Amino acid sequence: MAETDYLARNRAFWDSRAHAYLEAGERNWSQEPSWGIWSVPEAKLGLLPIDMSGLDAIELGCGTAYVSAWLARRGARPVGIDISPEQLAAARRLQAAHGLAFPLHLRNAEVTPFPDASFDFAISEYGAAIWCDPHRWIPEAARLLRPGGQLVFLCNSNLMMLAMPEPENEAATARLLRPQRNMHRFEWPDSTGVEFHISHGDWIRLLRRNDLEVEDLIEVYPPDGATNSYPFVDRAWASAWPCEEVWKARKRR
Ligand SMILES: C[S@@+](CC[C@H](N)C(=O)[O-])C[C@H]1O[C@@H](n2cnc3c(N)ncnc32)[C@H](O)[C@@H]1O
């Protein structure tokens, strides 16, 4: 099978899942940004620069594009990229409902049509961050960023990927279920999608090889009383070990 077989699989997977994410998309377009499966408020996590006036921004794997909507509301000029026509159709409906227009492109986030150094800010919340091959999308994100531009992405934590049960409808325990060494491509028995997760050392080397200096690695813990609709992790686990993480990196000047 072709090395990039995951592109068609992930497009079909997200076309079939788009309806299930519509409600969350509608909510996230309307509410102040909050992040990840525990909905940690932006005020607590600080993923976005407060003033993004005049910044060119790109969201890689934008889905319903609510992150881009919030970039626009902070003054940026966002562009959303997604590989799923159904997800982009939902994003377009939400743009119309909220009277907020910005460009949306049906593309693979690993190979975009933009010239080098077109953007000041690139972000992915569970988009390219887990559905694209890091060895393809990180060089592309680095190419797109201007010197001094920032890359921010949110994904499952390294520990979560080592402890996540198969099937995903069971909750993680304190047991590690798979090796960290050479972790990269993940396929699950109850999903047709293909994900990518690499170790922290591999992330750091990959980012630095692409002229991206790591600024922060934020481990995300649930706020008091937070709930989550995903079965693979409960609050006790996620309060002891981070189940999600945010990487921030800056393009060298
Ligand atoms: C979890 S969803 C969207 C995340 C977004 N923050 C949201 O909540 O709407 C992941 C998205 O990544 C997109 N995606 C998967 N592979 C992609 C690729 N190669 N290029 C661009 N988008 C991709 C999917 O189509 C899907 O819309």
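A cavity, as the word is used here, is a set of grid points among the protein atoms where a 1.4 Å probe fits but cannot get out, and its lining residues have an atom within 4 Å of a point. The model I am presenting is predicted.

A search of the whole structure returns one cavity of 30 Å³ or more. The volume of the largest cavity is about 50 Å³. Which residues line the largest cavity? They are A129, C155, N156, S157, N158, M161, F196, H197, I198, W203 and E245. Two elements, β7 (145-156) and α7 (158-163), each contribute at least two residues to this lining. Sorted by class, the lining of the largest cavity comprises six nonpolar, four polar and one charged residues.

I turn now to the ligand. There are 20 residues around the ligand, and those that come nearest are T64, D82, Q87, A109 and E125. By class, this shell holds nine nonpolar, seven polar and four charged residues. The side chain of D82 places an N or O atom 2.6 Å from an oxygen atom of the ligand. The side chain of Q87 likewise has an N or O atom at 2.9 Å from a ligand oxygen atom. In the case of A109, a polar backbone atom lies 2.9 Å from a nitrogen atom of the ligand. How much of the ligand does the protein bury? Taken alone, the ligand exposes 590 Å², and the protein buries 95% of that area.

N108 sits in the loop between β5 (104-106) and β6. Is N108 buried or exposed? N108 counts as buried, because its relative accessibility is 16% and the cut-off for buried is under 20%. Its side chain reaches the backbone nitrogen of E110 at 3.0 Å. The second case is S124, which belongs to strand β6 (residues 119-125). With a relative accessibility of 1%, S124 is also classed as buried. A polar atom of the S124 side chain lies 3.1 Å from the backbone nitrogen of A128.

Most residues other than glycine have a negative phi. A65, however, has a phi near 65°, a positive value in a residue other than glycine. This alanine lies in the loop between β3 (56-60) and α3 (66-73). A65 is buried, since its relative accessible area is 0%. N182 is found in the loop between α7 and β8 (185-187). Whereas A65 is buried, N182 is exposed, with a relative accessible area of 70%.

Finally, a word on R252. Where does R252 lie? R252 is located in the segment after β11 (244-251). Its relative accessible area is 30%, and R252 is therefore partly exposed. The C-alpha atoms of R252 and N210 are separated by 9.2 Å, although these residues are 42 positions apart along the chain.

To close, I return to the two sites with which I began. The ligand has 95% of its area buried by the protein, and D82, Q87 and A109 are among the residues that come nearest to it. The largest cavity, of about 50 Å³, draws on both β7 and α7 for its lining. Thank you for your attention.

Definitions and conventions. Residues numbered from 1 in each chain as written. Predicted model: local features only at pLDDT ≥ 70, side-chain atom pairs only at ≥ 80, totals over all residues. Heavy atoms only, no water. Near = heavy atom within 4 Å. Polar contact = N/O pair within 3.5 Å; in protein donor to acceptor, adjacent residues only side chain to side chain. Areas by Shrake-Rupley, 256 points an atom, 1.4 Å probe, with all protein chains shown as cover. Nonpolar A, V, L, I, M, F, W, Y, C, P; charged D, E, K, R; others polar. 1 Å grid on protein atoms, 1.4 Å probe; cavity = no way out; pocket = protein on both sides within 12 Å on 5 of 7 lines; lining within 4 Å. Points joined across faces, edges and corners; volume = space filled by probe spheres on them. Helix = DSSP H or I, 4+ residues; strand = E, 2+ residues; numbered from the N terminus. Buried < 20%, exposed > 50% of the residue type's maximum accessible area, 1.4 Å probe, protein only.
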